[in-house]
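Please look through the model below with an eye to its aromatic rings and to the residues around them.

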Amino acid sequence: MADLARWRDLRRLARGYRGRILGAAALSLFGTLLALTQPLLARIAVDGAAAGRLPWPVIGALAALFTAQASALALARYVQAHTGETMTRDLRRTVTGHLLRVRLPVLEQGRTGDLIARACGDTAAVKTLIAQSLGTGVAGLIGLIAAAALLAWLDPWLLAAVVVLFGGSFGALLAVVRRVRIASRGAQAAEGALLSDLERALGGIRVVRACRAERTEAARLDSSARRAYLANLRMAGMVALSGPANDLAVSGAFLAVLLVGASRVSAGAMTLGELVGFTLAMTYLAAPVYEIFQAVSAVQQGTGALQRINEVLALPVERDRPVAVARVRGVPHRPAPLLEFRDVWFGYDPGRPVLRGIDFTVPSRGQIALVGPSGAGKSTIFALAERFYDPDRGTVFLNGRDARHTPYAQHRATVGLVEQDCPLLAGTLRENLLYGAGQVEDTELRRVLTMTGLTRIVAALPNGLDTPVGERGRRFSGGQRQRIAIARCLLSRPSLILLDEPTAHLDPESERALTATLRQVSAVCALMVIAHRFSTVRSADHILVIDSGVVTASGTHAELSRSDPYYRSFSDQNPSMVRATPSRLP
């Protein structure tokens, strides 16, 4: 059943390339048939030379056959290579496109390096399997049958000796290739683990250096490299066994043909030309046998890689549901809130909820702050609001509609997110600012740069907006990365912006400037801010206190200072805090 499933996967994968694979196989087969014609002409030429005359027309025909054979095989190899590269490009496009749409709960359980190895290394192994091995394997099988028929026509007794020797060799080869697939999958898994460990070390290189853990990481990488080395060595050893077995069969068959053939020539049972023709035809028998073995070996290696790729393609992706038209229940003639959490329950692990019946609404204007201890569920609320996850129970509404029935792209165009660590992507500052924003006028770009306090920073850069940001934006400080992330979000023009502690990396002067900016932004769209500093809290129009996954209190700063013990304690730890401005929420 497993073998049938593998062949089914191979047929499905080769579906779009059958014409090219068959074309390469046809060219390869044509070259084989041209080669098999040569022994017949060689027999005539040798018998003629033995009789004292050189058949020049036959020699000329042989030269033409050699040239045509070389041309056909060269063209076959080019078609195979072209097909292989095209298939690799398309397969990588499919795998990477799928990975970019895999649901975050699933993606976060995997190792990035292993997924990269599957998208790059494993697709190259499948390229060899589909484009090269299947085509040459089919041609080799047909060539083997044709060569055997020619040898049987030339001398069946000599063919019997060849079959005995090649049969033993072929049986040994089959015993080897059965083990190649298991060894190949182990080697590919070890390569993926090595790449994951290297990505882990380089991704946290500052932590590694600061903790003086270079030796620890070097030992970990050395261990992974050794496992990959041993796995590849096992596979190489199994593949290497095939070469001597095939060479031994060819050498033994060649010697047996010469000995038996010489006896038959001396006995008058065959001519010298027939012996030469049979010997030449027998040498062409080795190539199809080798091609068949290569095809079987590549199938065993490639199916291991194909299985790993299929595991990636089987990962669930984000799929848009049909758009719902039913609106949220509410007061007639009153617009629905921009965002609403209604009795939302959610847990990263089944049976361990992080959010427990969360209820709140976000209007289309104004600033809402989320406060509470670490681990209370504030970041999880943001993850659900951005639809990185869907609730286990309850409903998240966007503009009065169940968010699960809103297309992902439309939802995330409405709800923007600025994370606390503010990751920047490799490229220029301009590319990062305009990432996902579409067409932006220069005047709008300059306005946002001014609003976020980036104008002087950009002016100080050697190439202005076209300056590379460095790996993960490390050219900039934490506060500068935060401003860039906020500017990027503003340029996308969302209706709601989620800010995860936007003042965490800012100095007091920049913090005051950003607070003023947030007040401006909240006049035209909604802001929802996770706040641990009261400079952010006191500028909010409404405050939600989150603890143990529930909203324990809500209101303005003045209201919560009177009614909520946790918030009052929180406020007492910040004596410099001033009274909040009156709420502008409806």
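Phe341 has a relative accessibility of 1% in this predicted model, and because anything under 20% is classed as buried, Phe341 counts as buried. Phe360, at 7% relative accessibility, is likewise buried. The structure holds four aromatic pairs, and one of them joins Phe341 to Phe360, whose ring centres lie 4.7 Å apart with their planes at 15°, so the pair is stacked. This pair links distant parts of the chain, since Phe341 belongs to strand β1 (residues 339–346) and Phe360 to strand β2 (residues 355–362), 19 residues apart.

Another aromatic pair is formed by Phe346 and Tyr389, which is tilted, with 5.3 Å from centre to centre and 55° between the planes. Here too distant parts of the chain are linked, as Phe346 lies in strand β1 while Tyr389, 43 residues away, lies in the loop between α10 (378–385) and β4 (393–398). Both of these residues are buried, and ring pairs link Phe346, Tyr348 and Tyr389 into a cluster.

Charged groups also sit over rings: the charged end of Arg393 is placed over the ring of Trp345, 4.5 Å from its centre, and Arg387 lies over the face of Tyr408, at 4.0 Å from the ring centre.

A polar atom of the Asn432 side chain lies 2.8 Å from the backbone nitrogen of Leu425, and, leaving aside residues up to four places away in sequence, Asn432 touches Leu424, Leu425, Gly427, Val469 and Arg488.

Note on methods. Residues are numbered from 1 along each chain as its sequence is written. This is a predicted model: local features need pLDDT of at least 70, side-chain atom pairs count only at pLDDT 80 or more; totals for chains, interfaces and linings use all residues. Side-chain values use heavy atoms; hydrogens and water are left out. A polar contact is a pair of N or O atoms within 3.5 Å; within protein, one must be able to donate a hydrogen and the other to accept it, and residues adjacent in sequence count only if both atoms are side-chain atoms. Contact means heavy atoms within 4.5 Å. Rings of Phe, Tyr and Trp (its six-membered ring) pair if their centres lie within 6.5 Å; planes under 30 degrees apart count as stacked, over 60 as edge-to-face and the rest as tilted. Helices (H or I, at least four residues) and strands (E, at least two) are DSSP runs, numbered from the N terminus. Buried means under 20% relative accessible area, exposed over 50%, partly exposed in between (1.4 Å probe, protein chains only). A charge sits over a ring if NZ of Lys or CZ of Arg is within 6 Å of the ring centre and within 35 degrees of the ring normal.
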